[in-house]
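Biologist: Could you walk me through how to read a model like this one? I would like the general idea each time, then the case at hand.

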Amino acid sequence: MNKQFKLESLVRENIRNLSPYSTARDEARGEVNVFLDANESPYANGGYNRYPDPHQKELKKRIGVIKGINPENIFLGNGSDEAIDLIYRVFCTPGKDNVVSISPTYGMYSVCGHINDVEVREVPLDEDFNLPVEALLKACDRKTKVIFLCSPNNPTGNAFPTEDILRIVESFKGIVVLDEAYADFSSKGSLRKYIYEYDNLIILQTFSKAYGLAALRLGMAFAQKDIIAYFSKVKYPYNINKSTQDLVSAAILKPITVNTAHTISQRGTMARFLSRLDIVEKIYPSEANFLLVKFYDADKVYDYLISKGIIVRNRSHVPGCRNCLRITVGTQKENIKTLEYLMEYDKSDIR
Ligand SMILES: *Cc1c(COP(=O)(O)O)cnc(C)c1O
């Protein structure tokens, strides 16, 4: 328990005092079966003529079972990106408050901060991408509302030790966001159960990576129920469309373990083959579905791969990632094709 934490004093005053938009169906009591309240079309077309459930009750129930989290502790957003934006809008007063994040990390924390006119203080990871616990805490002041952490981290691929993360959660009296987009690929697993121990912890997860549903745009935030209630109050009423609710409800009945295990094994194979190439300086250890690879001349390798029809993420101009490409683990066939081209390039004299 973090005893210094007081949720009400962190939430922006205008949000604390907000009375949210309420739908007629929220206000109605009893069984209703004629819907003349929302100016929808009455003509049935497979359920799409009606507005979707703004509370996503069925979907939250199913996600709750799979994740071992109560529905009241779940927020669902149009991607995790919606949750990141809501964190700013609920906690950070523009032009006044600030947040602290690590660097390098996922770009949306800083982009969202700038859109919301909130200062983002970036604290660099060390050379081996370890979490600088003391430096992060030292970067905070009275106006720091949120610390953003990402583990396994994008683009570095490493997962931070649980005790380092929890030390920040315990020491900081504001909100700690832990983005676990890649937790399904990590031997360290998820810390989501800690939301029941720490009132200031928000865990983010997504259906875009291990679940293979990036096109449906569904992200999750897990936190104490009062935080979830603030998110629900601020979000667009119908933020998750009906086809996403229905398709994800059906998809989560199918386990992802086979694909995830395959990706993890392919990650190891790719790392072994890449390490034999003269063009490769270093492969960073990864707990995610990608490898961060340091080349001697990343820009040239990047352009070469593009010329072969293969796109990877060029991170070589990101601070801390000089000469690095982030390579997603694909299917076995895609990985072999990529490795074959890189081996050819390694031997050629165009490099
Ligand atoms: C890919 C990714 C996400 C996913 O965002 P969605 O909006 O849910 O698709 C979130 N966080 C990190 C760190 C990511 O790399």
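**Reading the ligand site**

Modeller: Let's start with the shell: 14 residues surround the ligand, and the closest are Asp-179, Tyr-182, Thr-206, Ser-208 and Lys-209. A residue is near a molecule if one of its heavy atoms lies within 4 Å of it. This is a predicted model, where local features need pLDDT of at least 70 and side-chain atom pairs count only at pLDDT 80 or more, while totals for chains, interfaces and linings use all residues. Residues are numbered from 1 along each chain as its sequence is written, and side-chain values use heavy atoms, leaving out hydrogens and water.

Biologist: Which residues of the shell are nonpolar, polar or charged, by count?

Modeller: The shell divides into 5 nonpolar, 5 polar and 4 charged residues. Here Ala, Val, Leu, Ile, Met, Phe, Trp, Tyr, Cys and Pro count as nonpolar, Asp, Glu, Lys and Arg as charged, and the others, Gly among them, as polar.

Biologist: What lies 2.6 Å from an N or O atom in the side chain of Tyr-182?

Modeller: An oxygen atom of the ligand does. The general idea is a polar contact, a pair of N or O atoms within 3.5 Å. Thr-206 also has a polar side-chain atom 2.6 Å from a ligand oxygen, and for Asp-179 a polar side-chain atom lies 2.7 Å from a ligand nitrogen. Taken alone the ligand exposes 390 Å², and the protein buries 94% of that (Shrake-Rupley method, 1.4 Å probe).

Biologist: And how do I read aromatic pairs?

Modeller: Rings of Phe, Tyr and Trp (its six-membered ring) pair if their centres lie within 6.5 Å; planes under 30 degrees apart count as stacked, over 60 as edge-to-face and the rest as tilted. The count comes to 10 aromatic pairs. Tyr-51 and Tyr-238 are stacked, at 4.5 Å centre to centre with 20° between the planes. Tyr-51 lies in the loop between helix H3 (24-27) and helix H4 (57-67), and Tyr-238 in the loop between helix H9 (225-234) and helix H10 (242-251), so the pair ties together parts 187 residues apart in sequence. Helices (H or I, at least four residues) are DSSP runs, numbered from the N terminus.

Biologist: What about backbone angles?

Modeller: Most peptide bonds are trans. A cis bond joins Ser-103 and Pro-104, with omega about 0°.

Terms used. A polar contact is a pair of N or O atoms within 3.5 Å; within protein, one must be able to donate a hydrogen and the other to accept it, and residues adjacent in sequence count only if both atoms are side-chain atoms. Helices (H or I, at least four residues) and strands (E, at least two) are DSSP runs, numbered from the N terminus.
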